[in-house]
Amino acid sequence: MSDLNKMGLAGARDALRKGETTSVELTETFLKEIEGASALNAFVHRTPEIAMTQAKAADARIAAGDAPAMCGLPIGIKDLFCTKGVPSQAASAILNGFKPEYESTVSQNLFDAGAVMLGKLNMDEFAMGSSNETSVYGDVVNPWRRADEDTALTPGGSSGGSASAVAADLCLAATGTDTGGSIRQPAAFTGITGIKPTYGRCSRWGTIAFASSLDQAGPMTKDVRDAAIMLEAMCSYDPKDSTSAELAVPNFEAMLTGDIKGKTIGIPKEYRMDGMPDEIEQLWANGTAMLKDAGAKIVDISLPHTKYALPAYYVIAPAEASSNLARYDGVRYGHRATLDAGDGITEMYEKTRAEGFGPEVQRRVMIGTYVLSAGFYDAYYNRARRVRTLIKKDFDDVFATGVDAILTPATPSAAFGLGEMKDADPVQMYLNDVFTVTVNLAGLPGIAVPAGVDSQGLPLALQLIGKPWEEGDLLNTAYALEQAAGFVAKPAKWW
Ligand code: GLN
């Protein structure tokens, strides 16, 4: 078969089962593609031996008629997931040389489902960022370029390596994580699909923690069907994560009928931001019309506390990060600074952390420590937690009126140039998350679906937000939107 790497999960699965290709052939194809794509800087650790071992085992299972859902399908794993014996550094210097003794539940679930790991994917350091420019491995480059330009663009962040790799056909699909938008925003910037499930759907065990009450893993795939297949394989109840939901995982793929007749879709007026580009406004209007044509009822809704979401997120996420990152002290993991004569344990901590953490991580640790400090705890952290409750209540109230899903833009712009935000106020970068953070604060499922291109030919996406635990329904609405939008553009290969 030709163009093996252009397939998605569903296509490759079917081709494997029909005997049209083998997992070994697929895996070799992807390993070669990855080799040729170092300009994208998406893969930071390749695992060809593991991949070939898994591929051979998968081919044997397929031959024996005993193939689980992801059997023989080569994927990439974000560097935030601990993978046994394989470097897992969260793209940080502080975890230099760290090879976990254990496997994260999500990657284990994928391996149990037969998936093949091609390697680990670049990301923003500790998943903090929106442009993949905070990684110790350097920037990830978006395979897309503006028409008639060769400016290097960001793939978004923090799951930028995952997004770039999937969009450039370096793997069939990849894992991502989303604390404030890190699956949905990079998916939007690269013309792929990304779903953040309900908080508690995917186990956080073995996923390096950023902000524990917000972090969720999810798939980044070429389309909605693939997202359904991979999400099902990633999810499970896990007693090792106390916030894991003890709920059966449905067959999400079977729920993709494309029939959304009679569904009610809410359009929240607060997401119509000042200064929003016309192209985003237009995309949103088009998406609304597509869902209406597909038989959904469209209603205007209000989520009144939306404007407080970004400030609340940038208090809560750094607070949790400062506490989660306290464990990197030069004693237990990775990097330890070289000490001078007379240095004690305090100097060891200080020097190690100053050398090991990049500037964005240091900024978050400082903000987090400040908002949790005795004098300011009530003014910042506790207030942000109250705001979070109100944001959640906004969604609960809307869903209680019979709304099934909410349609919004996924990002306020298309992908921007790498380095373009270098001199900007950090808050400018944080604005990338304006449409996505509410979903994490409320613990809801959200999906980004490519729905059009801008005047430069870059992909643009819409976000659908669903009810808790109703990922199947959300995926089906996304499927209807995907069918109507018919987004098929691919980046022209320059790497
Ligand atoms: N861009 C957001 C941040 O920097 C979200 C990151 C994420 O979802 N991991 O915090």
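1. Surface patch. Val331, Ile345 and Tyr349 make a nonpolar patch on the surface of this predicted model. Together they have about 260 Å² of accessible area. Patch members have over 30% relative accessible area and no salt bridge, and nonpolar side chains (Val, Leu, Ile, Met, Phe, Trp, Tyr) are joined within 5 Å. Areas come from the Shrake-Rupley method with a 1.4 Å probe. Ile345 sits in helix α10 (residues 345-356). Helices here are DSSP runs of H or I, at least four residues, and strands are runs of E, at least two, numbered from the N terminus.

2. Basis of the model. Residues are numbered from 1 along each chain, and the model is predicted, with local features needing pLDDT of at least 70 and side-chain atom pairs pLDDT 80 or more, while totals for chains, interfaces and linings use all residues. Side-chain values use heavy atoms, without hydrogens and water.

3. Helices α4 and α7. The axes of α4 (residues 105-112) and α7 (residues 224-234) come within 8 Å and cross at roughly 115 degrees. Axes are lines fitted to C-alpha atoms over the stretch in contact, and angles run from 0 to 180 degrees between N-to-C directions. The two helices are therefore roughly perpendicular, a term for angles of 65 to 115 degrees. Val106, Asn109 and Leu110 of α4 meet Met230, Ala233 and Met234 of α7. Contact means heavy atoms within 4.5 Å. By class, 5 of these residues are nonpolar, 1 is polar and none is charged.

4. Helices α8 and α15. Helix α8 (residues 278-293) packs on α15 at about 110 degrees, with the axes 9 Å apart. So α8 is roughly perpendicular to α15. Gly287, Met290 and Leu291 of α8 touch Thr477, Leu481, Ala484 and Ala485 of α15. This contact has 5 nonpolar, 2 polar and no charged residues; Gly counts as polar.

5. Salt bridges. The count is 26 salt bridges, each a side-chain nitrogen of Lys or Arg within 4 Å of a carboxyl oxygen of Asp or Glu. Lys490 pairs with Asp169, the closest N and O atoms being 2.9 Å apart. Lys490 lies in the segment after α15 (471-485) and Asp169 in the loop between α5 (160-167) and β4 (173-178), so the pair ties together parts 321 residues apart in sequence.

6. Backbone exceptions. Most residues other than glycine have a negative phi, and most peptide bonds are trans. Ala127 has a positive phi of about 65 degrees. Gly157 and Ser158 are joined by a cis peptide bond, with omega about 5 degrees.

Conventions:
Parallel < 35°, antiparallel > 145°, perpendicular 65-115°, else oblique. Patch = residues over 30% accessible without salt bridge, like charges linked within 9 Å, V, L, I, M, F, W, Y side chains within 5 Å.
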